[in-house]
Amino acid sequence: MRRVSIALLSLALLGTAVACGAEQRAAPTSVAQVPLKPPAVSKGSWVHVTVVDGDRGHRVPGAFVRIGRHARLTDRKGIARVHIKRRAALVVRVRRRGYAPAAQRFQFRNHPLRTVRIYQPALQWTMYGVGPTRTQSQPNIRLRPPFRVVWSRGMAGLLEFPAVVSNGVAFVANSWGSVRAVSMRDGALVWRHDIRHGKMASSPAVWRDEVLIHGMDGTVWVLDRRNGRLLWHKWIGAPIESSPVVKAGVDYFGTWNGTVYALDLRTHRVRWRYASGAKITSSAATAGRTIYIGNYAGRLLALATRTGRLRFAGGVNGRIYGKPAVARGRVFVPSSDGNSLTAFSRSGAKLWTINTGAYVYSSPAVWAGRVYFGSYNGVLYCVLPRSGRILWKHSSGGSISGAPIVVDGIVYFGNFRHRIYGLDARSGRSRFQFPDGDYVPVSGNGGRLLLHGYSRLYAVEPRRR
């Protein structure tokens, strides 16, 4: 038995030796067939781009971030980790549905972490009346009282018309011709442009990278929205009290000499003009291929946007100082010394008139099947657009001159008691009061509202409960 075990052990050792020898003989052939490669060396580096909603301050997931040929989507925290060939000055491009595309150049050499702010066009307030139809209602902003004041800033002059807001900056002109850009974040002055011997009685408007200003000196001024530098200007020759309304790159407005102008903002040339025969202070509203504007002869003019051809002229019972509003197939027109609000069809038929017994300078607001306007009798009216039937009235105890504004179901207005009021737009119940105001009370963006005092701006946001 012992001899058998020794024999088996000898055979096992012999087999191992033979296998090792075979492996040693095969090794050179294996190396020759599979050449060795040097370890891979990682080139370039990673940078982190955080995408933030510029109005509301929260991070944006699912945004497409591109740097050169490299692109990534932001994660749930709004961060995109992008690999780049080398750290240098590079352009970061960001796209996300519902937001305007953004492009910004960053130096990544020593700063691999960067933030890009993007903005929703639906939450901006780029012209007086909110949009071209001038309904004075902002359906997309969701901000309601109670509010807290985040910052305030003096504007060194009367604010008869409200600021416009775009991409985190408010643009406002005071009565003596000082145009200012103010950060919505902290109220810091971004830039200031004073028009010599200027006087303003209208709101600016933002179009692309330009800020449009209509002057009582008879000039249209166009400024660079980034720094306030004068880009170009056009002398019209008569005072302009109309606030700009821009559609397809054309600015429509009226002047004190009774002429309506269509100014092409690309060519800087007047496309057409229409002589109405009476002074115009009203701003224009546009809907479809028609602009609507009133004059001191008490005529609502409907003009073709392309040619200026008169479609119809409807009469009211006095001067038209404020702007018309277009909604629900109707045009709502205030008359100052006619003491009234009149509704027309889009084809020019007069539908109804409400007489308040006092001046109606206030331009109307339209929201959720209701029309709102104020009067010098101190009353804010809520009426049905189809019939003109009064749903409710609210007496404020002071003359109402400026237009009401509707945001998130609250209708705001100011009066000559220097206060701003906010009412439930459906019921008329009081929801808000503020101790500084006069004319058009509110504008803003998706993160904050701007309250307009006599000569001071206040940024407010909802108070946390």
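**Note on strands and salt bridges in the predicted model**

1. Strand β19 is covered on both faces: V250, Y252 and G254 on one side and D251 and F253 on the other are all buried, where buried means under 20% relative accessible area, exposed over 50% and partly exposed in between (1.4 Å probe, protein chains only). In a regular strand, side chains alternate between the two faces of the sheet. Because five of the five residues of β19 (residues 250-254) are buried, this strand is largely enclosed by the rest of the structure. Strands here (E, at least two residues) and helices (H or I, at least four) are DSSP runs, numbered from the N terminus.

2. This is a predicted model, in which local features need pLDDT of at least 70 and side-chain atom pairs count only at pLDDT 80 or more, while totals for chains, interfaces and linings use all residues. Residues are numbered from 1 along each chain as its sequence is written, and side-chain values use heavy atoms, with hydrogens and water left out.

3. On one side, β19 pairs with strand β18 (residues 245-247) in the antiparallel sense over three bridges; two strands pair if DSSP finds at least two bridges between them. Within this pairing, D251 of β19 is the bridge partner of V246. The hairpin of β18 and β19 has two residues between the strands, and A248 takes a positive phi near 55 degrees.

4. Strand β19 is also joined to strand β20 (residues 259-264), by five bridges and in an antiparallel arrangement. Here F253 has Y261 in β20 as its bridge partner. The hairpin that β19 forms with β20 has four residues between the strands, and G258 in the turn has a positive phi of about 85 degrees.

5. A further point concerns an open sheet of five strands, in the order β8-β34-β35-β36-β37, with mixed pairing. Its edges are β8 (137-138) and β37 (430-434); each has a single partner strand, so one side of each is left without a neighbour in the sheet. Inside the order given, strand β35 (residues 410-415) pairs with strand β36 (residues 419-424) in the antiparallel sense over six bridges.

6. The structure holds eight salt bridges, a salt bridge being a side-chain nitrogen of Lys or Arg within 4 Å of a carboxyl oxygen of Asp or Glu. Among them is the pair D53 and R56, whose side chains meet at 3.4 Å, N to O. D53 is buried, with a relative accessible area of 0%, whereas R56 is partly exposed at 43%.

7. Another salt bridge joins the side chains of R431 and D424 (4.0 Å, N to O). R431 is partly exposed, with a relative accessible area of 41%, whereas D424 is buried at 16%.

8. The side chains of E461 and R448 also meet in a salt bridge, at 3.1 Å, N to O. E461 lies in strand β40 (residues 456-462) and R448 in the loop between β38 (442-444) and β39 (449-452), so the pair ties together parts that are 13 residues apart in sequence. E461 counts as buried at 17% relative accessibility, and R448 counts as buried at 17%. A network of salt bridges links R148, R448 and E461.
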